Amino acid sequence: MPLSPRVPEIGALELLLAVARLGSVGRAAAEIGVSQPTASARIKGMERQIGVALLERSPRGSRPTEAGRLVVEWARQVVEAAQALDAGIDALRERRDARLVVVASLTVAEYLMPGWLLALHATNPGTAVTLRTANSADVAGHVLAGDADLGFVEGPLPPAGLAGAVVAADRLVVVVAPDHPWARRRSPLSGAELSATPLVLREPGSGTREVLEMALAPYGGAAPPRLELASSTALKAAAMTGAGPVCLSELAVVEELATRRLVAVRLAEELDLRRPLRAVWPSGQRPTGPARDLLALTRRTAGTHQARMAQARTLPPRAARPTTGTGAAGGATGAAARSERPVLRTRPDRSRKS
């Protein structure tokens with residue numbers, strides 16, 4: 001049942017209580033932080049609203065009338081209840097702001113999220129952040145189930161049931177080892193050639209795999225993969241050991257391209273492998289608290305990210321570091337290759353045929 005229009009607002013009741021306690025409209029106005037004329041106008045407005053006189057005014061000050069004493073007592077209970085409600089809301093907000101659960105696709109989690117979370121910590125040092133990684137399809141499932149406050153996916157459209165905002169842009173590249181025949185190609189690789197070649201790919205459900213398959217759909221779709229692996233680290237290790245051409249995010253191979261441990265294959269202009277990176281949340285809701293702050297931060301840094309990637313494309317190649325042997329670099333690469341197990345099967349690398 002809605003309240004009667006005769007019920008004053010909380011602020012007016014707080015003013016009435018201050019007048020009853022201090023015995024003066026002027027002193028009550030100073031305590032609350034308004035001018036005396038404003039306080040007097042509020043009291044008179046409340047009297048008109050209720051329909052009875054609440055204060056007796058004299059040169060010695062103001063005191064409640066008989067009816068005013070009743071209203072003061074009722075007002076005290078209302079204001080105390082409102083204060084309890086306010087304290088409870090603050091506690092809920094503090095508990096919400098004390099934790100943030102984010103689930104992100106592997107590309108976003110590995111190459112963008114660390115910088116974003118460091119920046120978030122600078123503005124929200126009291127927030128404990130949990131970052132989980134999954135492919136884009138699983139990210140959507142976690143967000144829809146309420147297991148995460150915010151998700152980040154790769155792909156052309158937000159997953160069903162989720163709203164989203166583009167926070168960065170990325171593109172896929174096809175890379176090979178320096179001794180692969182494609183590394184010496186003079187002509188760009190056509191969509192038909194790429195479609196006919198078994199590649200080393202991410203597992204089904206990843207945003208990288210989805211974008212590639214959409215781009216190759218006009219050419220009959222992607223060939224069955226030569227190898228399926230579950231991370232960018234494993235894909236790069238496979239490419240460097242000569243497993244075959246690999247398609248993965250440009251974000252993941254900046255260092256390897258600069259040092260010539262991998263070579264990007266020039267693609268025909270007909271192949272559009274660009275993709276947006278999105279923050280996602282359940283439709284009909286908006287991120288709040290730390291999730292809202294993180295979303296705002298990613299939007300502010302989007303331009304910086306794009307400028308950094310454009311600069312990386314223009315850097316001259318540096319001397320390549322060893323990728324095999326017993327040294328630190330070779331050991332790290334070998335460990336990465338051993339720690340990632342193929343999901344399915346292998347096929348011959350027909351792209352190496354002369």
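Modeller: Before we start, a convention: buried means under 20% relative accessible area, exposed over 50%, and partly exposed in between, with a 1.4 Å probe and protein chains only. This is a predicted model, where local features need pLDDT of at least 70, side-chain atom pairs count only at pLDDT 80 or more, and totals for chains, interfaces and linings use all residues. Residues are numbered from 1 along each chain as its sequence is written, and side-chain values use heavy atoms, with hydrogens and water left out.

Colleague: Fine. Where does Arg260 sit?

Modeller: Arg260 is in the loop between helix H11 (254–258) and strand S10 (263–264). Helices (H or I, at least four residues) and strands (E, at least two) are DSSP runs, numbered from the N terminus.

Colleague: And what is the phi of Arg260?

Modeller: Near 65 degrees, a positive value in a residue other than glycine. Arg260 counts as partly exposed because its relative accessibility is 40%.

Colleague: Switching to helices. At what angle do H2 and H3 cross?

Modeller: Roughly 105 degrees, and the axes of H2 (residues 25–32) and H3 (residues 36–50) come within 8 Å. That makes H2 roughly perpendicular to H3; the class covers 65 to 115 degrees, while under 35 is roughly parallel, over 145 roughly antiparallel and the rest oblique. Axes are lines fitted to C-alpha atoms, for helices over the stretch in contact, and angles run from 0 to 180 degrees between N-to-C directions.

Colleague: Which residues meet there?

Modeller: Val25, Gly26 and Ala29 in H2 meet Gln36, Ala39 and Ser40 in H3, where contact means heavy atoms within 4.5 Å.

Colleague: How many salt bridges?

Modeller: The count is 14, taking a side-chain nitrogen of Lys or Arg within 4 Å of a carboxyl oxygen of Asp or Glu. One of them pairs Glu31 with Arg21, with the closest N and O atoms 2.7 Å apart. Glu31 lies in helix H2 and Arg21 in helix H1 (residues 10–22), so this pair ties together parts that are 10 residues apart in sequence.

Colleague: Are those two side chains buried or exposed?

Modeller: Glu31 is partly exposed at 43%, and Arg21 is exposed at 55%.

Colleague: What about Lys236 and Glu256?

Modeller: Their side chains meet in a salt bridge, 3.2 Å from N to O. Lys236 lies in helix H10 (residues 232–240) and Glu256 in helix H11, so the pair links parts 20 residues apart in sequence. Lys236 is buried at 11%, and Glu256 is buried at 9%.
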